[in-house]
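User: Can you walk me through this one? I'd like to go through a few local features.

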Amino acid sequence: MFSYIRGILHKMWLFLANLPMERKLIIIFVFLISMPITYVSYLSSRSMVNSNLKNATESAIQMTSNASDTIDRYIADLKRYTALPLYNTDVQRYLEQKNNDWDKNVSMSMFLSYLSHTKEEILAVYLVDKYDYIFNDKDPRINELFPEDRLTRWKLLTEEAGVAPIILGKHLIRYNSYEHREVISVLRTISSVSTLKHIGILVFDVDISLFKGIIGPVNAVTQGNTLIVDDKGEVVYAGDETANNLVPKYKILLNKIDQPEGHFQITSEGESYLVAYTVSEQTGWTTMVTIPLVRILSPVEKNRNTLMFTTLLIIAFALCVATIISYALTKPLKSMVRLMKQVKYGNLDVWIQPKYNDEIGMLGIHFNRMIIRMKELLQEVSITEKRKQKADMRALQNQINPHFIYNTLESIRMLAESNDDPRVAELTYLLGLQMHYGIVRSEESVTIRHELDHVRNYFNLLEIRFPDKFQLIIEVPEAFLQLPIIKLVFQPIVENAVFHGLDQKMGPGTLTISAWRENGKAVFCVEDDGVGMDKIILDSLNNSLMNAASGEMFGIGLRNVNERIRLHYGSLFKLHVESEPGKGTRVILHIKDSS
């Protein structure tokens with residue numbers, strides 16, 4: 001599949017590449033104009049969609065939150081009303097009175113009438129006394145109620161809840177013999193103030209149409225449909241036909257609710273909906289509004305169509321302009337191409353006569369300058385070749401000089417031995433070994449053993465110059481001596497330690513070379529007990545080694561070794577310096593352990 005797509009793209013590229021310049025410019029101009037416009041149109045349309053969705057979501061969440069708060073306040077009022085019998089001594093006395101006389105009936109009726117008129121949505125209020133006699137006050141439109149059918153359930157619910165009020169979700173009640181109505185109920189056990197024993201039950205029946213007035217503004221503002229679901233997952237209210245269509249799937253909606261307030265999108269019967277919800281902390285009821293995305297995005301669709309039409313007009317205009325400009329540009333370019341072909345075949349005696357001072361004219365001027373520069377470069381190349389030949393000759397002569405010096409030192413040593421001057425002979429011999437190490441071993445890598453022998457020879461030279469001043473201790477295990485290493489690594493480090501650390505120390509100094517393995521690498525440490533250095537100088541030195549910075553403050557020895565190690569082994573291998581004033585300096589080197 002990938003190769004097929006690649007083949008198609010390659011053919012398209014070849015087709016475009018073989019088009020005349022004029023058509024290429026037209027395509028490029030139209031592409032460069034249409035792409036940004038199309039992209040901006042897309043971003044604008046997408047931004048409008050996101051903005052509308054965001055505004056609709058925020059508005060829906062706010063409206064559901066307000067509706068939920070209104071329901072919570074209403075339920076809270078009813079809960080407070082259920083506690084009123086606790087503060088009415090007459091009601092308390094009559095609830096425990098076994099006989100029903102005229103005074104008891106009048107007192108109970110007045111109390112219930114007061115409660116039923118506290119909220120216009122209350123259909124009926126029931127008061128059950130200690131002996132299961134039920135008093136009620138009902139809506140004038142209701143002729144007959146049948147609370148006896150519900151008494152057993154009331155008693156069961158109140159026994160489970162104790163003295164706490166209970167909210168009973170949507171359910172049917174029977175009235176006027178065969179009629180039914182949907183209500184929600186709030187009930188509570190009434191306890192005796194003196195004995196704290198249960199002496200009755202107070203029940204409010206509230207018409208379910210209460211919610212129509214609460215969710216009406218929500219539907220009007222959001223252009224959606226509202227569902228109210230109780231804490232047991234049962235639908236309390238579904239506003240209209242569209243909302244009722246979602247009732248069978250409301251459990252799917254509930255499964256997507258994972259926080260007290262939020263939103264999500266869902267698809268039902270081929271139509272997408274935005275769902276915003278609020279879960280009441282007081283009742284546990286969920287108020288959710290479902291808004292068809294079509295209603296939210298319909299204004300965006302109109303704007304998008306207008307935007308697309310405007311984009312097409314701009315692209316058509318750009319095509320006309322691109323055709324005119326491409327013709328004007330390609331005419332002088334074609335003549336320039338003919339001259340370039342002559343230059344291609346070696347004719348540098350060409351010249352363009354620009355007619356205008358535009359970019360094409362500037363291109364012609366720079367073409368003429370390029371021809372002049374090419375002629376100059378040809379002359380410079382000829383001169384450079386001659387200089388290179390001379391430089392190669394000097395390099396060959398410089399290679400002879402070290403051999404000459406080495407041979408001269410050998411002659412001096414033999415002359416010193418013939419004249420019985422052992423110190424001069426030894427000095428020239430050791431110096432000859434130092435030079436011989438660099439001349440004869442021309443290969444890049446040597447062994448650790450060779451490097452350490454070279455360091456010993458260097459220390460022998462120092463011993464002749466500074467008797468009893470320096471001591472060399474080599475604590476490198478035998479297993480490390482055959483490891484390969486690039487040449488001239490330890491001697492510059494040792495020389496740096498001698499002249500910057502030990503030489504400035506009062507009295508004799510010791511330099512130790514040790515080795516160990518660490519994380520699959522061979523680690524070597526060159527440590528002296530010289531004067532050391534302070535933290536500022538140490539940080540500058542390590543920084544120069546880390547960044548390969550150049551500078552004269554620390555000489556070239558350590559930098560040279562560090563750069564050669566990094567070039568040979570990689571950037572992970574380098575020198576690291578540790579030091580304390582008055583205690584000495586340690587230079588740590590990591591190389592690959594090939595054993």
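Analyst: Let's start with a hairpin. E14 and E15 form it, with two residues between them. Asn 519 sits in the turn and has a positive phi of about 55°. Keep in mind that this is a predicted model.

User: How many bridges join E14 to E15?

Analyst: Eight, and the two strands run antiparallel. E14 covers residues 509-518, and E15 covers residues 521-528.

User: Which residue in E15 is the bridge partner of Arg 517?

Analyst: Ala 522. Ala 522 also stands opposite Ile 591 in E17.

User: How do E15 and E17 run, parallel or antiparallel?

Analyst: Antiparallel, with eight bridges joining them. E17 spans residues 584-592.

User: How many residues of E15 are buried?

Analyst: Six of its eight, so the strand is mostly covered, taking buried as under 20% relative accessible area.

User: Now H4. What length does H4 reach from its first C-alpha to its last?

Analyst: H4 has 15 residues, 102-116, and reaches 21 Å. That is close to the 21 Å expected at 1.5 Å a residue.

User: Which residues in H4 are buried?

Analyst: Lys 104, Ser 107, Met 108, Phe 111, Leu 112, Leu 115 and Ser 116. Seen down the axis of H4, they fall within an arc of 165°, so they line one face of the helix.

User: What about the other side of H4, which residues are exposed there?

Analyst: Trp 102, Met 110 and Tyr 114.

User: Back to backbone angles. What is phi of Leu 196?

Analyst: Near 65°, a positive value in a residue other than glycine. Leu 196 is in the loop between strand E4 (179-191) and strand E5 (198-207).

User: Is Leu 196 buried or exposed?

Analyst: Exposed, because its relative accessibility is 66% and the cut-off is over 50%.

User: And Leu 488, where is that?

Analyst: In the loop between strand E13 (484-486) and helix H13 (490-502). Phi of Leu 488 is near 60°, again a positive value in a residue other than glycine. Leu 488 counts as partly exposed, with a relative accessible area of 30%.

User: Now contacts across the sequence. What separates the C-alpha atoms of Pro 20 and Thr 330 in space?

Analyst: 9.4 Å, although the two are 310 residues apart in sequence. Pro 20 lies in the loop between helix H1 (2-17) and helix H2 (21-82). At 44% relative accessibility, Pro 20 is partly exposed.

User: Last pair. How many residues apart along the chain are Asn 560 and Pro 492?

Analyst: They are 68 residues apart, and their C-alpha atoms are separated by 8.7 Å. Asn 560 belongs to helix H15, residues 557-569. With a relative accessible area of 42%, Asn 560 is partly exposed.

Key
Residues numbered from 1 in each chain as written. Predicted model: local features only at pLDDT ≥ 70, side-chain atom pairs only at ≥ 80, totals over all residues. Heavy atoms only, no water. Buried < 20%, exposed > 50% of the residue type's maximum accessible area, 1.4 Å probe, protein only. Helix = DSSP H or I, 4+ residues; strand = E, 2+ residues; numbered from the N terminus. Pairing = 2+ DSSP bridges. Expected span 1.5 Å × (residues − 1). Arc of directions from axis to C-beta.
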